[in-house]
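Please study the sequence and the structure shown here before reading on.

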Amino acid sequence: MHEIITWQVGTGTVHAKTLIMTWIAIVLLLIFVFLGVRNLTSGKPGKLQNVLEWVVDFVRKLISDNMDYSKGAPLLSYLVTLIMFIFFSNMLGLIPNFVEPFFKHVETAKLNEILGEATLMSPTADINTTLALATLTIILVIALGIKHKGGRYFHHFIEPHPVFLPIHLIDILAKPMTLAFRLFGNIYAGEVLISVILLLPGLAVFGGGIIPMPVWLGFSIFIGAIQSFVFTVLTIVYIAQAVASDHS
Amino acid sequence: MNPFGIGFAYTIASAAASEGGGGGNPIAIDYTYFSQILSFLILVWILKKFAWKPLMDMMEKRRQTIEDNLAHAENERKEAERIRQEYQADMLKARQEAQAIIEKATKNSEDRSSEILAEARKETEKMKHAALADIERERDKAIADVRDQVVDMSIAVAEKIIQQRLDMKGQEALIEQFIQEVGDRPC
C-alpha cells in the first residue's frame, strides 16, 4: 500500500506520488470543466454545461441556505472549485492504473515506483492535501470574519467570558484539524481496503475479490461524493458563523 | 476456521505490516503541504477566470432573458386583455346604439302614424264642421225664404180678405186679432 515516495526539494521533501496524482486530478478537472464551458450558451445548454450549472446551483443553494447570500457570493467560485477538486481527487484513487507497464523501467524521478501500483491514488489520501485545503478554509474563515466585522470578530474569542478563550482557541484549531482528518481518514481507509481486496490470495481472488471489489468501489464513490459535500458544507458553515451579523 | 477466514485475516495483517514496515507513518507532513495550497489556489484562479465567471455570467444572462420573456409575456397578456375589453365595450356600445336607432325609428314611425291619424281626424272634423255650417246656412236660407213667402202669402191673403170684407165693419176686430197673431208669431 502507498509507500511514501519522496522527491528531494532543497532542504525538504515532497510526496511525489501525491503531487503527480494532484496534477492528474487537476488536469482531468480542467479538461472536464473546459469541455463544459467550451460552447457556453444562454439558450439551451449542452449536457456538460448542464452538469456544471447544476453544480454551481447546488453550491449556490448551500451558501444561501447557510448565510446571507450577498456575503457568500464572492466565495462561489472557490467553493465550486473546492467541491469538484475534492470529488475528482476522491475518484482518482478508484481508477485502475493502466499506464503501469509503460513506466515499469522508467527510473527518472522514481516514476516506476510512483506508477507501480494497481490503482492510482487519491491526492486526498495524503494528509498534506487535506490539511492544505482545511488551512485555506480556516484562513478564509478568519479573513472574512475580520472583513465583515472588523475588530469585533476577535471579540467572540472571549465570549461569554474571557475564561473561555482557551476553548475558543482549541475550537479554531480543531475545525481545520477535523476537516483534514475526516477527509483523509475516509479516503485513505477506502484505499487501504482496495489494496487489501487486491491482496486476497489464491481461491479467494475468485471467490472473494471479484464480488467485494465492485461493491467496495461503489461504496467508495458514495463516500467520495459525500466527503466532498461534507467538506464544502462545513467550510460554508464555518464561514457563515464567522460572518453572521450580531443579533444585537 | 475456514480457509477464507484465515486468508482474509492474513491479508489484512500483511497489508498492515507492509504499511508499518515499508512506508512508515502515513501521516507525514512536509513541503507537499505548501505545494498543495499553491496548486489549489492556482486551480481556483484558473477556473474562476476561465470557467466559473463565463459560466455564471451566462446563467445570469439566461435568468435575465427568462425574466424579460416572462415580463414580456405578462405585458402581452395584459395588452390582449385590454384589447379584448376594448372590443367588448365597443361591441356593447354598438349594440346599444343599434338598439337606440331601432327604438328611435319605431318611435318616429309611431309618432308619424299617430300624427297622420290626428291630421286625418282633424281634417274630417273640419269637413264635418264645414258641412254642418253649410247645412245650417241652407236651412236658415230656406227658413228665410219660407218666411218671405209666408209673409207674401199672408199679405196676399190679407189683401184679398180686406178687399172682400173691408166694408164689413163688423169684421174689424177679427182682422185686428189676426194681425196681432201674425205679428207675434216667430218666423
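How many residues of chain B are in contact with chain A? Contact here means heavy atoms within 4.5 Å, and on this rule 41 residues of chain B are in contact with 57 residues of chain A. The model is a predicted one, in which local features need pLDDT of at least 70 and side-chain atom pairs count only at pLDDT 80 or more, while totals for chains, interfaces and linings use all residues. Residues are numbered from 1 along each chain as its sequence is written, chains are lettered from A and ligands numbered from 1 in the order in which they are written, and side-chain values use heavy atoms, with hydrogens and water left out.

The interface can also be described by area. Buried area is the accessible area (1.4 Å probe) that two parts lose on being put together, summed over both. For chain B and chain A this comes to about 4200 Å², and 74% of it is on carbon and sulfur atoms. In chain B, the residues that lose the most area to chain A are Gln36(B), Phe40(B) and Trp52(B), together 16% of what that side buries.

A salt bridge is a side-chain nitrogen of Lys or Arg within 4 Å of a carboxyl oxygen of Asp or Glu. In general, side chains of opposite charge can pair when their charged atoms come close. Across the interface of chain B and chain A the rule finds 1 salt bridge. Glu53(A) forms a salt bridge with Arg62(B), with the closest N and O atoms 2.7 Å apart. A polar contact is a pair of N or O atoms within 3.5 Å; within protein, one must be able to donate a hydrogen and the other to accept it, and residues adjacent in sequence count only if both atoms are side-chain atoms. Across this interface, 13 residue pairs are in polar contact, both residues being at pLDDT 80 or more.

Helices (H or I, at least four residues) and strands (E, at least two) are DSSP runs, numbered from the N terminus. On the side of chain B that touches chain A, the elements giving two or more residues are helix H1 (3–23) and helix H2 (32–165) of chain B. H2(B) gives the most to that side, with 23 residues. Sorted by class, the side of chain B that touches chain A has 25 nonpolar residues (Ala, Val, Leu, Ile, Met, Phe, Trp, Tyr, Cys and Pro), 11 polar residues (the others, Gly among them) and 5 charged residues (Asp, Glu, Lys and Arg). Chain B as a whole has 3 helices and 0 strands, and its pattern along the sequence is α-α-α.

Is Leu29(A) buried or exposed? Buried means under 20% relative accessible area, exposed over 50%, and partly exposed in between (1.4 Å probe, protein chains only). Leu29(A) counts as buried because its relative accessibility is 0%. This residue lies in helix H1 (residues 16–36) of chain A. Leaving aside its neighbours within four places in sequence, Leu29(A) is in contact with Met84(A), Phe85(A), Phe88(A), Leu43(B) and Leu47(B). Leu29(A) and Phe88(A) are 59 residues apart in sequence, and their C-alpha atoms are 6.8 Å apart in space.

Over all chains, the structure holds 15 salt bridges. One of them joins Lys175(A) and Asp171(A), the closest N and O atoms being 3.5 Å apart. Both residues lie in helix H8 (residues 165–199) of chain A, 4 residues apart, about one turn of the helix. An α-helix has 3.6 residues a turn, so residues three or four places apart point the same way. Lys175(A) is buried, with a relative accessible area of 13%, whereas Asp171(A) is partly exposed at 32%. In chain B, Arg82(B) forms a salt bridge with Glu86(B), the closest N and O atoms being 2.8 Å apart. Arg82(B) and Glu86(B) are separated by about one helical turn because they are 4 residues apart in helix H2 of chain B.

Finally, consider helix H6 (residues 127–149) of chain A. At 1.5 Å times one less than its number of residues, its 23 residues should span 33 Å, and the end C-alpha atoms are 32 Å apart, which agrees. H6(A) is mostly covered, as 17 of its 23 residues are buried. At its start, a side-chain oxygen of Asp126(A) reaches to within 2.7 Å of the backbone nitrogen of Asn128(A). H6(A) is followed by Gly150(A), whose phi is positive, near 65°.
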